[in-house]
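Trainee: Could you show me how to read a protein model, one feature at a time? I would like to begin with the whole chain and then look at details.

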Amino acid sequence: MRRGLSKLSAFGIVALVATAGYFIGHQNGLRGSSWLLDEAEASGAGQVATGWSPTGVYPDHEVYFPGTEELGPDEMRVIACGSGMPMPRLKQAAACFLIELGNGEKFIFDVGTGSFTTLYALGMPLDYMTKIVLSHQHADHMGDLPTLWIYGMQNGRSKPLDIWGPGGGGMPETWGTQAAMDGILQFYNWMLETSKGGLDTRSLGMNVHEFDWSIPNNVIYDEDGVVIRTIPAIHLEGSVSFILEWKGMKIAFSGDTLANRWWTEAAKGADLAIHECFLPNEYFVSKYKFQPAEAIYVSTLVHTTAPVFGKIMALTEPKHAVAYHFQNDPETLPAVVTEVRKVYDGPVDFAVDGMVWNVTKEGVRTRVAMLNSQPFPPPSVVARQQEAAGGEKYETPEWILQGYEWETLQLMDQIHEDFNEQFGSDFQFPLRPADD
Ligand SMILES: [Zn+2]
Ligand SMILES: [Zn+2]
């Protein structure tokens, strides 16, 4: 049982025993006192909760405060760091789910545009967030990968990234994940060259594990009891869904796909089944300003629209379902829920960013995280290292340095003196006028 529930259950049992004992002792004399015999009293209400204090740590929360909860050895925690769409918005980044396992392993399933900000808001050392698994190469599923990768050196990451992504399966080689990652290196060529020697650049390594997207149940990761396999997604081509299994538990993540028989088979009975669920197709005309032909194409031939999500979950029968990939607003949610509930009556959450699921064999607990909107970098958990100064180090051309405003030279020398006093160092501002 999830920890919150077990506490409640244990408390409930104690309360029931106490109440029953009270009744046995008083049933003749007090039968007429209705306030003692109402349903609330019989269920334990009115008992004093234990573990709570006006000055101490609360024993339980309705919300998740990142970094304050130890993960059990047989527990998984999944955090939605992007639940939205390609249309950028402050409250919902595009697709990204952080999977944390009780053995310390962490995986990021997709890293869509805007999602790095949410991952970063968790305050977790970036050295723990190096395993990225990509369902396909739409920007709403990998658009923040270049940012997450390049910002490692400024944000305490000292480890390279491992990136799993689709390729092969009849696609041109230039469409594969390796080619895309090579493109990121080229995109940031100037930044990479001019950073040499200034910061810890070990985080700029990239180990790309391209897999054949077309093979059903293709095992792409198998370490320390964690197995991740892919099934083809029906979403253009080169797209997959993931099934992660660990300690007899199963998390399924659809990426983007139409109703898919590989999915209903592989995800059947999953502990947590995260699947795309688009807004009903009329919203593509009214909200997104698509032409009707575009709207019906996108929502029925490329994606899973809300009523179909409900049907897929009815077929999948997960212990807990999660609908994502739509703008979850007070205005839109009722339409989605209505469509889904016509065909699926099982447990389901309609994802927002920061939604958290603790998964154990006993069940799934849903909360929403309190995210830090003004984080500073968490530290590296491996020794930081500055790339060796010397031959490799980048130097700014002398002529542009000679444009320095020499009126600030005295101030800069003072700043160095103060800094050296504070940190016990011996740095000198190196710039001097050429004719000095
Ligand atoms: Zn897509
Ligand atoms: Zn998508």
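Mentor: Happy to! Keep in mind that this is a predicted model. Let's begin with burial: of the 436 residues in the chain, 35% are buried. The chain has 15 helices and 15 strands.

Trainee: How do strands hold together in a sheet?

Mentor: In general, strands of a sheet pair through backbone hydrogen bonds, either parallel or antiparallel. Here, seven strands form an open sheet with mixed pairing, in the order β7-β8-β9-β10-β11-β12-β13. Strands β7 (218-223) and β13 (348-350) are at the edges, each pairing on one side only. On average, neighbouring strands of this sheet are turned by 15 degrees against each other, ignoring direction.

Trainee: How many bridges join β12 to β13, and do they run parallel or antiparallel?

Mentor: Three bridges join them, and the two strands run parallel. For one bridge, look at Ala321, whose partner in β13 is Val348.

Trainee: Which strands does helix α12 lie across?

Mentor: Helix α12 (residues 306-316) lies across β11, β12 and β13, and runs at about 155 degrees to β11. Helix α13 (residues 333-341) lies across β12 and β13, at about 155 degrees to β13.

Methods:
Residues are numbered from 1 along each chain as its sequence is written. Chains are lettered from A and ligands numbered from 1 in the order in which they are written. This is a predicted model: local features need pLDDT of at least 70, side-chain atom pairs count only at pLDDT 80 or more; totals for chains, interfaces and linings use all residues. Helices (H or I, at least four residues) and strands (E, at least two) are DSSP runs, numbered from the N terminus. A residue is buried if 20 or more other C-beta atoms lie within 10 Å of its own, exposed if 12 or fewer, and partly exposed in between; C-beta atoms are placed from the backbone. Two strands pair if DSSP finds at least two bridges between them. Axes are lines fitted to C-alpha atoms, for helices over the stretch in contact, and angles run from 0 to 180 degrees between N-to-C directions. Two residues are in contact if their C-beta atoms, placed from the backbone, lie within 7 Å.
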